[in-house]
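Dear colleague,

Please find below the structure that I am handing over to you. My notes on what was found in it follow directly after.

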Amino acid sequence: PYRNSKLTRLLQESLGGNARTVMVANVSPADYNAEETIGTLRYASRAKKIQNKVIRNEDVHERIIRELQQEIERLRQELEHAAMHGNCVQNNNSSQLTPRSE
């Protein structure tokens with residue numbers, strides 16, 4: 001739905017890319033600006049109809065670090081739980097505690 005104009009080309013990534021965009025349309029009440037005002041309102045109306053599916057950009061390394069931090073936290077909680085219940089350990093595949101084999 002892009003028209004062939006410099007403004008549209010400049011805003012193309014914001015209007016149709018992975019971003020949240022705010023548009024302000026400036027119009028004039030003066031008679032001599034009526035044609036420009038109508039064009040601006042039509043453009044703003046078309047731009048308003050564009051819908052994007054915003055996807056969070058995430059660096060692969062940041063994702064791996066976050067997942068590892070979550071795993072560390074889960075293991076800490078598991079250790080605390082095992083310490084509170086003596087020499088029992090939590091089975092990785094379930095939430096049940098099983099006696100530790102000596």
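Glutamate 71 and arginine 74 both belong to helix H3, where three residues, about one turn of the helix, separate them. In this predicted model, the two form a salt bridge whose closest N and O atoms are 2.7 Å apart.

Taken together, Glu71, Arg74 and Glu78 are linked in a network of salt bridges.

The structure holds three salt bridges. One of them joins the side chains of arginine 63 and glutamate 67, with 3.3 Å between N and O. This pair, too, lies in helix H3, four residues apart, or about one turn of the helix. Arginine 63 is partly exposed at a relative accessible area of 32%, and glutamate 67 is likewise partly exposed, at 37%. As to the spacing of such pairs, an α-helix has 3.6 residues a turn, so residues three or four places apart point the same way.

Helix H3 spans residues 60–84 and includes leucine 68. Together with Val60 and Ile64, Leu68 makes a nonpolar surface patch of about 250 Å². Leucine 68 counts as exposed because its relative accessibility is 51%, and the cut-off is over 50%.

Turning to helix H2, residues 34–48, its 15 residues reach 21 Å from the first C-alpha to the last, close to the 21 Å expected at 1.5 Å a residue. Its buried residues are Thr37, Thr40, Tyr43, Ala44 and Ala47. They lie on the same side of H2, because the arc they cover around the axis is only 130°. Glu35 and Arg42, on the other side of H2, are exposed.

For the protein chain as a whole, the secondary structure comprises three helices and two strands, which run α-α-α-β-β from the N terminus on. The chain has 102 residues, of which 11% count as buried. Its accessible surface is about 9200 Å², and carbon and sulfur atoms account for 52% of that. Among contacts with a separation of 6 or more, 37% are between residues 24 or more positions apart.

With kind regards

Definitions and conventions: Residues numbered from 1 in each chain as written. Predicted model: local features only at pLDDT ≥ 70, side-chain atom pairs only at ≥ 80, totals over all residues. Heavy atoms only, no water. Patch = residues over 30% accessible without salt bridge, like charges linked within 9 Å, V, L, I, M, F, W, Y side chains within 5 Å. Areas by Shrake-Rupley, 256 points an atom, 1.4 Å probe, with all protein chains shown as cover. Salt bridge = Lys/Arg side-chain N within 4 Å of Asp/Glu carboxyl O. Buried < 20%, exposed > 50% of the residue type's maximum accessible area, 1.4 Å probe, protein only. Expected span 1.5 Å × (residues − 1). Arc of directions from axis to C-beta. Contact = heavy atoms within 4.5 Å.
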